[in-house]
Amino acid sequence: MSKKVTAIEWLRDESGYQLILLDQTLLPGRREFIVCRNVELVWEAIKMLRVRGAPAIGISAAYGVCLAALSAPSATSDGVAVAALRAADYLATSRPTAVNLFWALDRMRAVIGQHHSSDRDLIQKALIEEALRIHEEDRQMCHAIGSHGATLLADKSVIITHCNAGGLATAEYGTALSVIFTCQDLGKQVQVFADETRPLWQGSRLTAWELLERRIPTTVICDSMAAHVMQTKNIDAVIVGADRITARGDVANKIGTYGLAVAAKYHSVPFYVAAPSSTFDLTLQHGREIPIEQRDPAEVIAPYGHTLAPVGVDVYNPAFDVTPAELITALITERGIIQPVEGGNIRTILNANA
Ligand code: MRU
């Protein structure tokens, strides 16, 4: 059985409730935890990618709303509701692309709406219960994604993955990596090429770390090597995660995913996207409508303090790109496999198995 990676924990001790986050910016060198007792620390952790990955951002934000509700100075439920709503609006400004953030915050807002006039303890309790439910549901969705996805891979498959869509990015097990971990649990051998994932190396720092923890044969490659690897090694599939999927099946994911999909198409390698239903944004049709986060230029030219380009040079640093549905072989969700990827199929699978 594979080891679990726990990136997010909600705890209570004599000093009160706290959200414990594994600081992913320090991995793989150091395993340190941040103790969040207020919503500002949760916002900072999301913004700075200490906690990252679409589902993990949503779960953390839900707990952030709880922390704000618990520390609200007001003695009335209305006062708690106002503080919680303010926290939800504030957390929504942390990162724009992963729809799981907004999905989780909307769920918390709905609970605030239902308990606006109940007493202070009740609204706090209801918010904590909802955050715990969001967390637990993600755990279950990830395992179901793995079970569906594992049916697509034969024994001895060789996979390319990009960024980190593993246990660190979710409640547990991951989305793309859940498919690989489930194959391992079923006794299928899988070998993985992990794109390092510039500019912040989520692939080499986090995915390679998770895969090695589970003793899965893993080879790190620079992003620019992926097409060559498809041309020269027998790659059976590419599997990645997603930050937002539109009604027609366009997928926003970590920058570099689109190029990987283009190369996969050219080499006739199946390109799979694994994501829970909470990553779908059916209010958007086309990928160009997805807000793409622009990040600090320093991540490109001086990552982690190492200067890699001349001072003063212009930098473009979009954190995500959009892969059109046409390049995606199948979407692997907890509700089933969507193939071919088109609007009708997406609605059928998401609605039929809700
Ligand atoms: O900027 P990040 O590290 O939050 O980007 C994460 C990704 O792009 C993941 O692939 C995606 O969120 C899926 S996580 C299961």
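What is the volume of the second largest pocket? In this predicted model, the second largest pocket has a volume of about 170 Å³. The largest pocket has a volume of about 250 Å³, and the largest cavity a volume of about 190 Å³.

**Second largest pocket**

- The lining of this pocket is made up of Asn38, Val39, Glu40, Leu67, Ala68, Ser71, Ala72, Pro73, Ala83, Arg86, Ala87 and Tyr90.
- At least two lining residues come from each of helix 1, helix 2 and helix 3.
- Helix 3 provides the largest share of the lining of the second largest pocket, with 4 residues.
- By class, the lining of the second largest pocket comprises 8 nonpolar, 2 polar and 2 charged residues.

**Helix 3**

- Helix 3 spans residues 77-91 and contains 15 residues.
- From its first C-alpha to its last, helix 3 reaches 21 Å, close to the 21 Å expected at 1.5 Å a residue.
- The buried residues of helix 3 are Ser77, Gly79, Val80, Ala81, Ala83, Ala84, Ala87, Ala88 and Leu91.
- Ala83 and Ala87 are among these buried residues, and both also line the second largest pocket.
- The packing partners of the buried residues of helix 3 are helix 1 (39-47), helix 2 (54-70), helix 4 (99-114) and helix 5 (120-150).

**Largest pocket**

- The largest pocket has a volume of about 250 Å³; it is lined by 16 residues, of which Met48, Leu200, Arg295, Glu299 and Tyr304 are the closest to its centre.
- Helix 7 (202-213) and helix 10 (298-301) each contribute at least two residues to the lining of the largest pocket.
- The lining of the largest pocket consists of 7 nonpolar, 3 polar and 6 charged residues.
- The largest pocket lies between domain 1 (8-142) and domain 2 (144-351), because both domains give residues to its lining.

**Cavities**

- The model contains 3 cavities of 30 Å³ or more.
- The largest cavity, with a volume of about 190 Å³, is lined by 20 residues, and those nearest its centre are Arg52, Gly53, Ala54, Asn164 and Asp243.
- Helix 2 and strand 9 (251-254) are the elements that give two or more residues to the lining of the largest cavity.
- The lining of the largest cavity includes 9 nonpolar, 7 polar and 4 charged residues.
- Domain 1 (8-142) and domain 2 (144-351) each supply at least three residues to the lining of the largest cavity.
- The second largest cavity has a volume of about 60 Å³.
- Leu49, Pro199, Leu200, Gln202, Lys254, Ile255, Arg295, Glu299, Asn317, Pro318 and Ala319 line the second largest cavity.
- Leu200, Arg295 and Glu299 line the second largest cavity and are also among the residues closest to the centre of the largest pocket.
- The lining of the second largest cavity divides into 6 nonpolar, 2 polar and 3 charged residues.

**Trp209**

- Trp209 is located in helix 7, an element that also supplies at least two residues of the lining of the largest pocket.
- Trp209 has a relative accessible area of 14%, and is therefore buried, the cut-off being under 20%.
- The C-alpha atoms of Trp209 and Leu27 are separated by 8.2 Å, although the two residues are 182 residues apart along the chain.

Definitions and conventions
Residues are numbered from 1 along each chain as its sequence is written. This is a predicted model: local features need pLDDT of at least 70, side-chain atom pairs count only at pLDDT 80 or more; totals for chains, interfaces and linings use all residues. Side-chain values use heavy atoms; hydrogens and water are left out. The expected span of a helix is 1.5 Å times one less than its number of residues. Buried means under 20% relative accessible area, exposed over 50%, partly exposed in between (1.4 Å probe, protein chains only). Contact means heavy atoms within 4.5 Å. On a 1 Å grid over the protein atoms alone, a cavity is a set of points where a 1.4 Å probe fits but cannot get out, and a pocket is an open set with protein on both sides within 12 Å along at least five of seven lines; lining residues have an atom within 4 Å of a point. Grid points are joined across faces, edges and corners, and a volume is the space filled by probe spheres set on the points. Ala, Val, Leu, Ile, Met, Phe, Trp, Tyr, Cys and Pro count as nonpolar, Asp, Glu, Lys and Arg as charged, and the others, Gly among them, as polar. Domain bounds come from an automatic or database domain assignment.
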